[in-house]
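Q: Hi, I'm new to this one and would like to go through it with you. Could you put it up on the screen?

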Amino acid sequence: MKRLHLPALFLIVIFGITSCVQAKERTVTNDNKDMSAKTDSYWKEKLDPHVYEVTRCSATEAPFSGKYWNNHETGEYRCSNCGELLFQSTDKFDSGTGWPSFTKAEGKAVATKEDRTHGMVRDEAICSHCGAHLGHLFNDGPQPTGMRYCINSASLDFKSSKNTEKK
Ligand SMILES: [Zn+2]
């Protein structure tokens, strides 16, 4: 019986990776035309398949599965696609959701856009620089901002301030 299931699974995975409709339709208005104008095939080639699926197809990683939800180190969280600084560890808090959560973003690095998928109305959080899908923004966070940026680990690249040498 396993023989029957494996090809089906394989097809589902391939379909999921190759048919990223949202990425092609995505339009982001910002000042830096260089990164936001990159094509879907550019990102598909550049990014790890899991990162591509989250940041370019707006997939959501399973809670408690990402590499940063439980990261308590001091440092910076940069965009996994373009390297832009998005969040500081000092603004990270334990939301209990299983996703990295922040009370505020760095300057105007994170843009938002209305997202009406999955029967909900939410604010999608996007990298202003390259248009990568990061996660969602909610207004039930702790004070003083009251905001909760619920972000996928796959959208982030953490740079510890303890270890500043190049990789
Ligand atoms: Zn970016």
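Q: Is Ser58 buried or exposed?

A: Ser58 counts as buried, because 21 C-beta neighbours lie inside 10 Å; a residue is buried if 20 or more other C-beta atoms lie within 10 Å of its own, exposed if 12 or fewer, and partly exposed in between, with C-beta atoms placed from the backbone. Before we go on, please note that this is a predicted model, in which local features need pLDDT of at least 70 and side-chain atom pairs count only at pLDDT 80 or more, while totals for chains, interfaces and linings use all residues. Residues are numbered from 1 along each chain as its sequence is written.

Q: Okay, and where does Ser58 sit?

A: Ser58 is in the loop between helix 5 (49-57) and strand 1 (75-79), where helices (H or I, at least four residues) and strands (E, at least two) are DSSP runs numbered from the N terminus. Ser58 also has a positive phi of about 55°, although it is not a glycine.

Q: Which other residue in that loop has a positive phi?

A: Phe64, also in the loop between helix 5 and strand 1, has a positive phi near 60° and is not a glycine either. Phe64 counts as exposed, because it has 10 C-beta neighbours inside 10 Å.

Q: Why point those out?

A: Because most residues other than glycine have a negative phi, and most peptide bonds are trans.

Q: Where is there a cis peptide bond, then?

A: A cis peptide bond joins Gln143 and Pro144, with omega at about 10°, and Pro144 belongs to the loop between strand 7 (133-138) and strand 8 (148-151).

Q: Switching topic, how many helices and strands are there?

A: The chain has five helices and nine strands, and along the sequence they follow the pattern α-α-α-α-α-β-β-β-β-β-β-β-β-β. Of its 167 residues, 32% count as buried.

Q: What's the strand order in the open sheet?

A: The open sheet has six strands in the order 3-4-8-7-6-5, with antiparallel pairing, and two strands are said to pair if DSSP finds at least two bridges between them. Strand 3 (92-93) and strand 5 (110-115) stand at the edges with a single partner strand each, so one side of each has no neighbour in the sheet.

Q: And how do strand 3 and strand 4 pair?

A: Strand 3 pairs with strand 4 (residues 101-102) in the antiparallel sense over two bridges, and Phe93 stands opposite Ser101 in strand 4.
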